Amino acid sequence: MPANLPIEYYKLEEEYSATKSKQGKIKILEKMLSVIPQHKASQKVRGEIRRKISILKKELQLEARKKRGARKRGIKKEGAAQVCLIGLPNSGKSYILNKLCNKDIPSTELPFETNKPEVGMLDIDGVQIQLIELPSIYPGFYEKRGEERNLILTCDLLCFLINSEKDLDFIKSEIGTEKQFVIANSKDLDSLKKKIWEKLNLIKVYTKEPGKKPEKRPVALKCGSTIEDVGKEIHKDFVKRFKFAKVYRKHAKVKERRVGLNFVLEDGDIVEFHIK
Ligand SMILES: Nc1nc2c(ncn2[C@@H]2O[C@H](COP(=O)(O)OP(=O)(O)OP(=O)(O)O)[C@@H](O)[C@H]2O)c(=O)[nH]1
Ligand SMILES: [Mg+2]
């Protein structure tokens, strides 16, 4: 039985062949459905079009899922903060990552030896900081390397490893200075750790249960955090069930005090929660 299709249909068929994007093709197929008369003779054609639409939609879904997966495969933030090591070739980035994070990344005289971001965990007095070596900077680095640019933009702190003012000027001109940064040379690892800690503006708080010793591992929080902020870190119910907290502060005049949710904590405080 001839389907007896209108002239618009054939125009749309031409448009369909010329269109590359899947979204575009779906739109045209949907238009086709709307111009085809609804009678028995055109049933087969309509069925064919619906099948094509469904296949294209499935393919689009699959592509979107793949894209989301690719984004997830990037480096995930872990620990209390994320710090990126940045420098010229042979400035000692891998050397530092190996020493501070107990890693075994190739670190020889060869320039540009590290060609993708390398990740380690740095322990500062029990607080875990994610340290990332970025491949060495070269002219055009920031424009060309998307993953690295993303890390530079989203990390908490940049650490520039330099041997001279000239190195520093070059790095600044390549990646900009909008983010906060520390400057270091690779020789003095302890002072580097200290600088990173100071610039991150974090405090360590030790929680304890009544009648027990404080936890060994501190909770790291932003400077100015309150009892409520610690509570939220531990468990969402803590704040709801909160009665009061006791804060123990070694070097203060008042070494022990009973406080409420708004009490502002200091580095080294021990917090004992009393809940309902
Ligand atoms: N002893 C010592 N050796 C260092 C120090 N910094 C760098 N080196 C050496 O200098 C060389 C280059 O250092 P790397 O750490 O590989 O340099 P990089 O910044 O990672 O540079 P890329 O190769 O571009 O990744 C290696 O042989 C290191 O062992 C340092 O502070 N002390
Ligand atoms: Mg390296």
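## The ligand shell

Helix 4 (residues 93–101) is the top contributor to the shell around ligand 1, supplying three residues; helices here are DSSP runs (H or I, at least four residues) and strands are too (E, at least two), numbered from the N terminus. The shell holds 19 residues, and Gly92, Ser94, Glu113, Thr114 and Ser136 come nearest to ligand 1. A residue counts as near a molecule or strand if its C-beta atom, placed from the backbone, lies within 6 Å of it.

## About the model

This is a predicted model, where local features need pLDDT of at least 70 and side-chain atom pairs count only at pLDDT 80 or more, while totals for chains, interfaces and linings use all residues. Residues are numbered from 1 along each chain as its sequence is written, and chains are lettered from A and ligands numbered from 1 in the order in which they are written.

## Domains

The chain splits into domain 1 (7–72), domain 2 (81–200) and domain 3 (202–275), with bounds from an automatic or database domain assignment. Between the C-alpha centres of domain 2 and domain 3 there are 33 Å. Their contact takes five residues from domain 2 and six residues from domain 3, where contact means C-beta atoms, placed from the backbone, within 7 Å. On the domain 2 side, the touching residues are three nonpolar, one polar and one charged.

Helix 1 (residues 7–18) and helix 2 (residues 22–35) have axes that come within 10 Å and cross at roughly 170 degrees. Axes are lines fitted to C-alpha atoms, for helices over the stretch in contact, and angles run from 0 to 180 degrees between N-to-C directions. Helix 1 and helix 2 are therefore roughly antiparallel (angles over 145 degrees).

Glu8, Tyr9, Leu12, Glu15 and Tyr16 of helix 1 make the contact with Lys25, Ile28, Lys31, Met32 and Val35 of helix 2. Sorted by class, that contact has six nonpolar, no polar and four charged residues.

## The sheet 2-3-1-4-5

One open sheet has five strands in the order 2-3-1-4-5, with mixed pairing; two strands pair if DSSP finds at least two bridges between them. Strand 2 (118–124) and strand 5 (181–184) sit at the edges with a single partner strand each, so one side of each has no neighbour in the sheet. From one strand to the next, the twist averages 25 degrees.

Strand 4 (residues 157–161) and strand 5 run parallel, joined by four bridges. Across that pairing, Leu158 stands opposite Phe181 in strand 5.

## The sheet 7-6-10-8-9

Another open sheet of five strands goes in the order 7-6-10-8-9, again with mixed pairing. Its edge strands are strand 7 (219–222) and strand 9 (256–259), each pairing on one side only, and the twist averages 35 degrees from one strand to the next.

Strand 6 (residues 202–208) pairs with strand 10 (residues 270–275) in the parallel sense over three bridges, and Lys208 stands opposite Glu272 in strand 10. Strand 8 pairs with strand 10 in the antiparallel sense over six bridges; Phe242 has Ile275 of strand 10 as its bridge partner. Helix 9 (residues 227–234) lies across strand 6, strand 7, strand 8 (242–248), strand 9 and strand 10, and runs at about 135 degrees to strand 7.

How values were computed. Parallel < 35°, antiparallel > 145°, perpendicular 65-115°, else oblique. Contact = placed C-beta atoms within 7 Å. Nonpolar A, V, L, I, M, F, W, Y, C, P; charged D, E, K, R; others polar.
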